[in-house]
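The following dialogue is intended for a reader who has the sequence and the structure at hand.

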Amino acid sequence: MAYPAPVVGVPAAGCETGPVPEHDRRDRLTYLDHAATTPLRPAARDAMLPWLGERFGNPSGDHRVARAARQAVDEARDLVAVVLGCRPGDVVFTSGGTEADNMAVRGVHAARPGPVLCSAIEHDAVRNPVRSVGGTTVAVDARGVLDLDALGAALTPDLTLLAVMTANNEIGVIQPLAEAAELVRRRAPRAVVHTDAVQAASWLDLAVVVAGADLIAVSSHKVGGPQGVGALVARPGAPLRPLLLGGGQERELRSGTHNVAGIVGMAAALRAAAAERNAAATRVGALRDRLAEGLLAAVPGAVETGVGEGAPRLPGTLHLCIPGIESEALLFLLDEAGVCASAASACASGAHQASHVLAAMGIGPEQGAGALRLSLGWTSTDEDIDDALRVIPAVVAHLRGVQDRDVEPAGRR
Amino acid sequence: MSGGVDSSVAAARLIAGGHEVVGVTMKLWGGESDTGCCSVSDVDDARRVAQQLGIAHHTWTFSDDFDRHVVGPYVDAHGRGITPNPCVECNRHLKFDRLLRRAHAVGFDTVATGHHARIVVRPDGTRRLARGADAAKDQSYVLYVLGQAELARTLLPVGQMTKAEVRAEAEALGLRTAHKPDSQDVCFITSSRGRRGFLGGRMDLRPGRVVDEAGRDVGSVDAVELVTVGQRRGLGLPGGGEPRYAVDVDVAAATVRVGPERDLLCGEVALERVVWSADPPGSGPNSSIAAQCSAHGAPRAAQVEAVGSDHALVRFHGHQRRVARGQSVVLYEGDEVIGGGIVAA
């Protein structure tokens, strides 16, 4: 194993924390799970610190302390609006991407009951609310791109909402949102278009890309802000009911005292990400391409998921299906070697589940068993790629070796 | 690590012994569960204990194999009037096969569990499973499926301890699982819905006739699939008279035959899918073998004859109650398991 045996003291009775955090025991960490969360940007941290220290205040109050907090939230709202290409008044701060997605689906359905559609590869934060209101899914093709013909066939004049993510969280494939929105305008003009832009926000100019959507969900921690904050952009006129009832904050759409530090941090992170977007996309895209080429050359049989026809992808995401191994064993050994990666689908207990995204692309359980998502971000370096190219092929070769000549084959009795 | 106290203490003991340890919880079952290995709260307990002990914790999903080798066959067997022991099959196919292979693949020599049983090395170098030190908690019966290859790669760190000692050690270590109640039943059967609720959702349960030796209707059952040979209650029999038991269950004909206890008695039982810990016992009289027919049943002296590589005939000294088809009979020499098998259909 890569790291030394833990120093185990016997914890005192009632001791709440373990001895040495695992990540402190390693010489080097190769973090390739930015799509799960990306490190906090210094700009976000700097913006937040005063609100975790001397500054405070409930923005809804009526005195100088409250007004100062209100000003911070208002300025953050302005910043978010600029980055997302909307009016400040369209921004509703939430507790994160999941809440924003839930609010979009359930809030629209509550305001205007009727049929709901979403793509078959939406994040569970969209998929499960859509299911809860009796909605159905629209197929994607083998590349993981929304099938516009299928969408056209599924659209009905009474449609209430269509949800199509801007780019997929597992495979990084960018969806034809503008085309889908255009189809909806023509064939189901009553319908609202929602897009989950959580994964796209670091890489794409949302002001342009999601211009056709009425509702847009973003999450702070995917762009280098703090966890626990996000926003839903709701264009004027979009029918929407709140999920939470209370003090009526956020234009009656999202009650609850503002998370001032979080909101300020998210805005700073979004601005920083936008400022370096083009350079980062070029730099990180080149790293990703080097990683992809290196792994496809060094891991026999590995296939990059959903790129057969050159579907556009986010610069930071590389998804592979590696035959002859199991993701859990691969991730275990990568972790031992200090490489943090993902199989992209997990449930609350930490167990892996078969990916509905791969299934929608026609990738069977056998082929998808060796799924690996490597996702890069603003802190990724050439050294990370060197590490990954050194470790991953060796680990795959090892696993294929032991699984082929197993000590005692399965089903022996 | 199931999230229970035994595997918590097993992990702590290995760490104290200088081993390099990683905690793994198997995610086997996605459906309802009271406890067992699979609920989120049990995984939480396992993870929190691992954190307390300073070891990494992983959740590995083997629900496909669990479905294929444990739940599916369990349902199928009931449809044929057979009552299997799913814990035996889980040990055979999951804990001591899939998990062992995964652990080996990622570089571990050994899998340790919190089972109450011991592994002893014989003078000839072979290993045997032996009863745990706490007779009331002994789990050697459900572990008879371990052969030499599995025994060599398994550690049972709490097998020498009584349950009280395990709890005391957990308490002394401040482990949050110290007072967690023992899990009792099959992990995928909930106490609220029971076996009937579980099976009823997966197969059609059919009402059945209950007849006596002469074929006369004497009672009825709602679900013939749920009747087990040897069962006395729930057969709709009139009270009084000599106690009568289910002596034969014919699911196809939806008929349960009842009879007095003497009809249940038998002198021998044929086993299939037999696993010998090491070599089969030699032919000829052997006075030292005892057969145990349920998890906590009393061992009964028996003669054992191996038939082919995976069958055996067990002859009891005297008669004993018949064992339902699908149940396991485990063969002991003193405290040590020499093998076992499943009552042939």
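Predicted model: local features only at pLDDT ≥ 70, side-chain atom pairs only at ≥ 80, totals over all residues.

Student: How many Å separate the centres of domain 1 of chain A and domain 2 of chain A?
Tutor: The domain assignment of chain A gives domain 1 as 22-31 + 277-404 and domain 2 as 42-275. The contact takes 25 residues from domain 1 of chain A and 23 residues from domain 2 of chain A. Taken over C-alpha atoms, the separation of the two centres is 28 Å.

Student: Which elements give two or more residues to the side of domain 1 of chain A that touches domain 2 of chain A?
Tutor: The residues of that side of domain 1 of chain A comprise eleven nonpolar, ten polar and four charged. The elements of chain A that give two or more residues to this side are helix H9 (277-298), strand S10 (317-321) and helix H11 (356-360).

Student: Why do the buried residues of H9(A) line one face of the helix, and within what arc do they fall?
Tutor: The buried residues in H9(A) are A:Ala280, A:Val284, A:Arg288, A:Leu291 and A:Leu295. An α-helix has 3.6 residues a turn, so residues three or four places apart point the same way. Exposed residues, namely A:Asn278, A:Ala279, A:Thr282, A:Glu293 and A:Ala297, are carried by the face of H9(A) turned away from its buried side. Seen down the axis of H9(A), the buried residues line one face because they fall within an arc of 60°.

Student: What distance does H9(A) reach from its first C-alpha to its last?
Tutor: H9(A) has 22 residues, for which 32 Å is expected at 1.5 Å a residue. The reach of H9(A) is close to that value, at 31 Å.

Student: In S12(A), which residue is the bridge partner of A:His319?
Tutor: An open sheet of three strands in chain A has the order S9-S10-S12, with antiparallel pairing. Its edge strands, each pairing on one side only, are S9 (303-304) and S12 (371-375) of chain A. S10(A) and S12(A) run antiparallel and are joined by five bridges. The partner of A:His319 in S12(A) is A:Arg373.

Student: Where is the place of B:Ala254?
Tutor: Most residues other than glycine have a negative phi. B:Ala254 is partly exposed, with 16 other C-beta atoms within 10 Å. Its place is in the loop between strand S9 (244-250) and strand S10 (255-260) of chain B.

Student: In which strand is the place of B:Arg273?
Tutor: B:Arg273, a residue other than glycine, has a positive phi near 50°. B:Arg273 is partly exposed, with 16 other C-beta atoms within 10 Å. The place of B:Arg273 in chain B, among residues 265-276, is strand S11.

Notes:
Residues numbered from 1 in each chain as written. Chains lettered and ligands numbered in written order. Domains from an automatic or database assignment. Contact = placed C-beta atoms within 7 Å. Helix = DSSP H or I, 4+ residues; strand = E, 2+ residues; numbered from the N terminus. Nonpolar A, V, L, I, M, F, W, Y, C, P; charged D, E, K, R; others polar. Expected span 1.5 Å × (residues − 1). Buried ≥ 20, exposed ≤ 12 C-beta atoms within 10 Å, placed from the backbone. Arc of directions from axis to C-beta. Pairing = 2+ DSSP bridges.
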